[in-house]
Each structure stands twice: as structure tokens, then as C-alpha cells.
Amino acid sequence: MLSEEMEKLALSLPGTQENAHFGTRDFRVGKRVFMTLPEAGRAVFKFTPDQQRMLLETEPGVCAAVPGGWGERGWTSLYFVDADEELIRQSMETAWRNVAPKSLVRRNGGY
């Protein structure tokens, strides 16, 4: 998958807007960031620490915890160029659900 496809997929999620912080493009619902694109071929997703642990166990070659405190809070890098499209889609939807208002999630079938 390419960065442009990642952008399109992210913006297809309800209530998502593209913005930037710390010089990095991000995708958010309201003011809450669920994904950033810090560099070509890498996305960073907002997971819970438990979600991160599971993903790191099942996808060790594709995913890695972000170094430092961000990673300890669940932020996880996914190297998407060679990743399975279903893994990317599920990861993005999970991160979106983690920050989206519950009413928005319910209105859109839970994603």
C-alpha cells in the first residue's frame, strides 16, 4: 500500500480530518489523533497497550512500539508498504475507534 492509499482510507472513516502536529501529518476525529504518517512507508497508530501487545506478538516484522513514553502508551508503528491490506484496514479502524466518540462509532456500525 502507498501513502496516498493510506490517506484515502483514513479520510473515508467518519469524522476524520487531516491535520499536522510536530511537523507530521496526522488524521484525527475532532481533536484526537488516531494515525500519523511520519515518513514514507510508516504509519503510527493509537492503540491501547493491550492492543499493541497483541499486534506485536502476531505481526513482529511489520509492527513495532514507538520508542519511549509514546510507545508505552500504545502508539505503534506499522510499516505498511509490504503489509497485508486487511491488517492495515483493521489497524486503522481500531485506532479510529479508540479515539472517536462512542456515538459516532455506534452511528457507523461500530467499524
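## A tour of salt bridges and a helix pair

Begin by selecting glutamate 18, which counts as partly exposed because its relative accessibility is 37%, between the 20% and 50% limits of that class. The model on screen is predicted.

**First stop: the partner of glutamate 18.** Glutamate 18 forms a salt bridge with arginine 25, and the closest N and O atoms are 2.8 Å apart. Arginine 25 is itself partly exposed, with a relative accessible area of 28%.

**Second stop: the other bridge of arginine 25.** Keep arginine 25 displayed and select glutamate 7. The side chains of glutamate 7 and arginine 25 meet in a salt bridge, with an N to O distance of 2.6 Å. This pair links distant parts of the chain: glutamate 7 belongs to helix H1, arginine 25 belongs to strand E2 (residues 24-29), and 18 residues separate them. With the three residues shown together, the viewer displays a network of salt bridges that links Glu7, Glu18 and Arg25.

Two packed helices are described by the angle between their axes and the distance between the axes. Viewed as a crossing, the passage of H1 over H4 is right-handed.

Which residues of H1 and H4 meet? On the H1 side, select Met6, Leu9 and Ala10; on the H4 side, select Ile88, Arg89 and Met92. The residues of this contact divide into five nonpolar, no polar and one charged.

Arginine 53 forms a salt bridge with aspartate 50, and the closest N and O atoms are 2.2 Å apart.

Is each of these two residues exposed or partly exposed? Aspartate 50 counts as exposed, at 54% relative accessibility, whereas arginine 53 is partly exposed, with a relative accessible area of 46%. The two residues fall in separate classes because the limit for exposed is over 50%.

To finish, display the salt bridges of the model together; the count comes to six. Those visited on this tour include the bridge of glutamate 7 with arginine 25, that of glutamate 18 with arginine 25 and that of arginine 53 with aspartate 50.

Notes. Residues are numbered from 1 along each chain as its sequence is written. This is a predicted model: local features need pLDDT of at least 70, side-chain atom pairs count only at pLDDT 80 or more; totals for chains, interfaces and linings use all residues. Side-chain values use heavy atoms; hydrogens and water are left out. A crossing is left-handed if the near helix is turned anticlockwise from the far one by less than a right angle, and right-handed if clockwise. Helices (H or I, at least four residues) and strands (E, at least two) are DSSP runs, numbered from the N terminus. Contact means heavy atoms within 4.5 Å. Ala, Val, Leu, Ile, Met, Phe, Trp, Tyr, Cys and Pro count as nonpolar, Asp, Glu, Lys and Arg as charged, and the others, Gly among them, as polar. A salt bridge is a side-chain nitrogen of Lys or Arg within 4 Å of a carboxyl oxygen of Asp or Glu. Buried means under 20% relative accessible area, exposed over 50%, partly exposed in between (1.4 Å probe, protein chains only).
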